[in-house]
Amino acid sequence: MDSLFSHAARPERDVTASGEAPPSRVARVRLPAPRDIVYNAFVGDLHLWWPSSYTGFGEGTHPFIEDGIVGEEGPDGQLRSWGEVTGEEPGSLLEFAWTLAGPADAPTRVRVEFADDGDQTVVVLTHDGWARGREGRAQYEKYADWSVILGRFAAFFGQPADSVEET
């Protein structure tokens with residue numbers, strides 16, 4: 001029996017075993033540009049900064065956010081949907097039902113917020129909406145590279161790729 005007054009560290013709960021959904025993934029970066037410019041680059045210039053290694057078609061792909069769809073066009077014109085825009089406040093917020101490499105009928109949620117901080121913009125990307133239990137754990141593990149992706153976005157603005165913080 002553990003001591004009632006023990007101050008020993010408690011082991012992390014295994015959300016897979018408990019059936020709970022994993023916690024949100026959050027990545028944050030501060031960029032040296034006004035919010036509208038950062039937002040427009042995120043949406044309109046996705047094809048210029050999104051790493052091709054995180055696409056289905058690889059080199060030569062054209063990622064896009066258009067007409068309520070997040071996706072990519074391959075070098076031969078083939079299309080692949082990554083998700084659907086479910087919320088947008090131009091300049092401030094984008095939210096997606098994210099299905100990239102997952103079941104279309106069980107999307108997760110990606111929320112990207114853009115906030116002024118003086119003459120800079122803070123971008124906060126939150127990925128959540130995982131299924132419960134083992135399926136949620138698999139989703140959580142699969143989408144572990146947002147800091148790499150946002151690192152490319154930071155580099156697009158001349159910032160070090162490792163300036164992205166994960167919380």
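1. In this predicted model, E113 and R111 form a salt bridge whose closest N and O atoms are 3.8 Å apart. E113 is partly exposed, with a relative accessible area of 31%, and R111 is likewise partly exposed, at 24%.

2. R109 forms a salt bridge with E95, the closest N and O atoms being 3.3 Å apart. Because R109 lies in strand β6 and E95 in strand β5, the pair ties together parts that are 14 residues apart in sequence. E95 is buried, at 15% relative accessible area, whereas R109 is partly exposed, at 30%.

3. R137 forms a salt bridge with E141, with 3.3 Å between the closest N and O atoms. Both residues lie in helix α4 (residues 133–142), four residues apart, or about one turn of the helix. R137 is partly exposed at 24% relative accessible area, and E141 is partly exposed at 47%. Elsewhere, salt bridges with shared partners join E95, R109, R111, E113 and D128 into one network. The whole structure contains seven salt bridges.

4. As to the fold, the chain has five helices and eight strands, in the order α-β-α-α-β-β-β-β-β-β-α-α-β. Of its 167 residues, 41% are buried.

5. The largest nonpolar core comprises 35 residues, and those with the most contacts inside it include F42, F96, W98 and W146. Elements supplying at least two residues each to this core include β1 (25–31), α2 (35–44), β6 (108–117) and α5 (146–156). Leaving aside residues up to four places away in sequence, W146 touches A27, W50, W98, V110, L125 and H127.

How values were computed
Residues numbered from 1 in each chain as written. Predicted model: local features only at pLDDT ≥ 70, side-chain atom pairs only at ≥ 80, totals over all residues. Heavy atoms only, no water. Buried < 20%, exposed > 50% of the residue type's maximum accessible area, 1.4 Å probe, protein only. Core = buried A, V, L, I, M, F, W, Y, C linked by side-chain atoms within 4.5 Å. Contact = heavy atoms within 4.5 Å. Salt bridge = Lys/Arg side-chain N within 4 Å of Asp/Glu carboxyl O.
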